[in-house]
Amino acid sequence: MDTNAPPLLDLTIDNITPNAVRINSQSGDARLTYLMARLTTHLHDFARETRLSTDEWMAALHFLTDCGQICSDVRQEFILFSDILGLSLLVDAINHPKPPSCTEGSVLGPFHTHDAPNLSNGSSMTSDPDGEPLLVVCSVKDSEGNPVPGVKVDIWETDSTGHYDVQHADREGPSERCVMTSDSEGGFWFKAVKPVSYPIPNDGPVGKLLGLLNRHCWRPAHLHFMFEKQGWDHLITYVVLLSTGLILFLQNLTVLQCVKKSLVVDLAKVDGPTARKHGVEEGIWFLQRDFVFASISDIDELRDRNATEELAKLGLSMKLIDHLPVPDLD
């Protein structure tokens, strides 16, 4: 028993919050202490403001339990829950702000895996015989327009049925996903299938919650990209295919990450010279995209500046340690 723990007062609705903060402030880690204090304060204020009932809180606990029980190596219900709340996108935007010239980010989503094969330029990442063929030609550049070679690029999408490979019970290995490396000119290109719209898994607790909220479970067609290179900011993004029904998705999104206009693209068709250059059939779908990478130093500078400005607006006396705010007690 910790004899240095702060004494607990007679607990009431009014004093339980400062007591909970006090008892959780013994770690010696300034950032953990701050996070626990703010989490406790906001949760308690939520309960007071809503006059949260016992039945409602038990329903919330059962919901979280159900989320945990349905998670597996290939399904992450908590990520899906974070996505539909918009929290994933908010955290990404705070931690990975982008200079105006750089490609905007998105969130990882629940279907990324770590078993994608490493493929060379021009390879096919699909084994779907029913998908509409798609040629994808991309480049990675810095904010000055210079090519960035040696970037690890993780790519994944659904098949033509609107399912990721991990959603198939008979999955024998990865498909519709790969890892590539940008060449000396910052380029990479591959063959895929045209993405299609699909529903998120709605057989679990998050799907049931969407039903209670009268929200649809469909997502617009898109293709995921993740970029990694030492010294550069970790970029997770995607491209969303323009379609006549896209506005309906944007008005009632399932996963709050598709509203960035810069990530919406329109497919073209492969012309003769492009077909001959890349060894594909003329007339198939064609996606050409330039991604603009930012250095870690540029992102850290922007992140610190944003944090300082926002904390000042809130009237908080804070200092930054490793780019994260803690109370300034000096």
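User: What makes Thr 17, Asn 19, Ala 20 and Val 21 of helix 1 count as buried?

Analyst: Buried means under 20% relative accessible area, with exposed over 50% and partly exposed in between (1.4 Å probe, protein chains only). Thr 17, Asn 19, Ala 20 and Val 21 are buried, so each falls under 20%. This is a predicted model, in which local features need pLDDT of at least 70, side-chain atom pairs count only at pLDDT 80 or more, and totals for chains, interfaces and linings use all residues. Residues are numbered from 1 along each chain as its sequence is written, and side-chain values use heavy atoms, with hydrogens and water left out.

User: What do the buried residues of helix 1 pack against?

Analyst: They pack against helix 2 (30-50). Both are called helices because they are DSSP runs of H or I with at least four residues; strands are runs of E with at least two, and numbering starts at the N terminus.

User: Why is the set of 26 residues called a nonpolar core?

Analyst: A nonpolar core is a set of buried Ala, Val, Leu, Ile, Met, Phe, Trp, Tyr and Cys residues joined through side-chain atoms within 4.5 Å. The largest such set has 26 residues, and Ile 155, Phe 188 and Phe 227 are among those with the most contacts inside it. Strand 1 (133-141) and strand 2 (152-156) are among the strands that each supply at least two residues. Strand 1 gives the largest share, four residues.

User: Which residues is Phe 227 in contact with, leaving aside its neighbours within four places in sequence?

Analyst: Contact means heavy atoms within 4.5 Å. The partners of Phe 227 include Val 140, Phe 188, Leu 235 and Phe 291.
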